[in-house]
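Morning, everyone. Please bring the sequence and the model up on your screens, and we will walk through a few places together.

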Amino acid sequence: MSKALIDKLNKDKHLEKEEWVTLLSGYTDDDRAYAAGIAREISNSRFGNKIFIRGIVEFSNICKNDCYYCGIRRSNTNVQRYRLTPDEILDCCDEGYELGFRTFVLQSGEDKSYTNDTLCDIVRRIKAAHPDCAVTLSLGELTYDEYKALREAGADRYLLRHETADKAHYEKLHPAEMSWDDRMECLKYLKELGYQTGAGIMVGSPYQTMECIAEDMLFFESFKPEMIGIGPFLPHKDTPFRDEPKGSYELTLFLLSLCRIILPDVLLPATTALGTIRPNGREEGVKAGANVIMPNLSPTAVRKKYMLYDNKICTGDESAQCRGCLEMRMKSIGYEVAVSRGDHI
């Protein structure tokens, strides 16, 4: 039954919600391997054996939001907070450029001490220093005009995980002041403004059902994000969800394959969370159809402070170590790291 549904998905790029629930509730390891084989074939036909790398600069762990799952939530008083200056952010990108990175991902909590003008100036400076590079932003919810100004400053891509396409589920993960409708509106703005737009979910987040994930897959199909970020939910000890179980590693890999099958050209990271839950998780992600890896370019002094979940990997490595290690890991499974912007086709 599952293989027939996977074949149908591959042919039609669509399943009905009930079919999604059936597939996600009843798959075996054999079905997962079958989907991974199809996904890998699609990925290889589109991108060859190339893996795109993005250098992440986590420039502030200060956040005005209080999401129940996140280690840098406003209420967590155990976090050592930090902010990088614009010059420090630029230094990270300069170092990354020397290491062969051609996309920089600027990520932070929703920290309102950086004005939009400051952020636009940072983007312009990166683009002036490295005109052959792409700039991706992951700064949370902004207004249409703020997104527009950043786009005009030169930002190419924007990552904003929708977290869940089920509004009731969203409300169980976030305090009342946060709104699912606002999140969806932001994603619509990003698309309208011509960003390569990334959405995504945590697999196994508290209260998530297979019906929720079915809605997410239908959302990916209709919204057609250029990037999809999927990783397992990992609890953080200083959040209300500290005692919740981790998300399923196997289901995360299966969903990566299914996303590749629905959207053959999508940019699909094998996330750090996947490497945290299992030592070879990122390699297995690539073998399931992922084609992007996002190592950390943040200064080592601040890396351990940007803990969205417990036991995050690579917080002690220098950027060059991360880069060299990834090169070897990808080579070991027959892939090579591409020195390119790695745009959506």
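First, the ground rules. This is a predicted model, where local features need pLDDT of at least 70, side-chain atom pairs count only at pLDDT 80 or more, and totals for chains, interfaces and linings use all residues. Residues are numbered from 1 along each chain as its sequence is written, and side-chain values use heavy atoms, with hydrogens and water left out.

Start with the cores. A nonpolar core is a set of buried Ala, Val, Leu, Ile, Met, Phe, Trp, Tyr and Cys residues joined through side-chain atoms within 4.5 Å. Buried means under 20% relative accessible area, exposed means over 50%, and partly exposed is in between, with a 1.4 Å probe and protein chains only. The largest core has 102 residues. Which of them touch the most other members? Trp-20, Tyr-147, Leu-255 and Leu-258. Helix α10, residues 249–262, gives the most to this core: ten residues. Helices here are DSSP runs of H or I, at least four residues, strands are runs of E, at least two, and both are numbered from the N terminus. There is also a second, separate core of ten residues, with Phe-47, Ile-56, Leu-159 and Leu-267 among them.

Ser-138 sits in strand β4, residues 134–138. Buried or exposed? Ser-138 is buried, because its relative accessibility is 11%. Its side chain makes a polar contact with the side chain of Gln-107, at 3.3 Å. That side chain also reaches the backbone oxygen of Leu-159, at 3.5 Å.

Now the pocket. The lining divides into three nonpolar, six polar and five charged residues.

Most residues other than glycine have a negative phi. Tyr-207 has a positive phi of about 70°. Tyr-207 lies in the loop between β6 (196–203) and α9 (210–223). With a relative accessible area of 48%, Tyr-207 is partly exposed. Lys-224 also has a positive phi, near 50°. Lys-224 lies in the loop between α9 and β7 (227–232). Lys-224 counts as partly exposed, at 47% relative accessibility.

That is the tour. Thanks.

Terms used:
Polar contact = N/O pair within 3.5 Å; in protein donor to acceptor, adjacent residues only side chain to side chain. Nonpolar A, V, L, I, M, F, W, Y, C, P; charged D, E, K, R; others polar.
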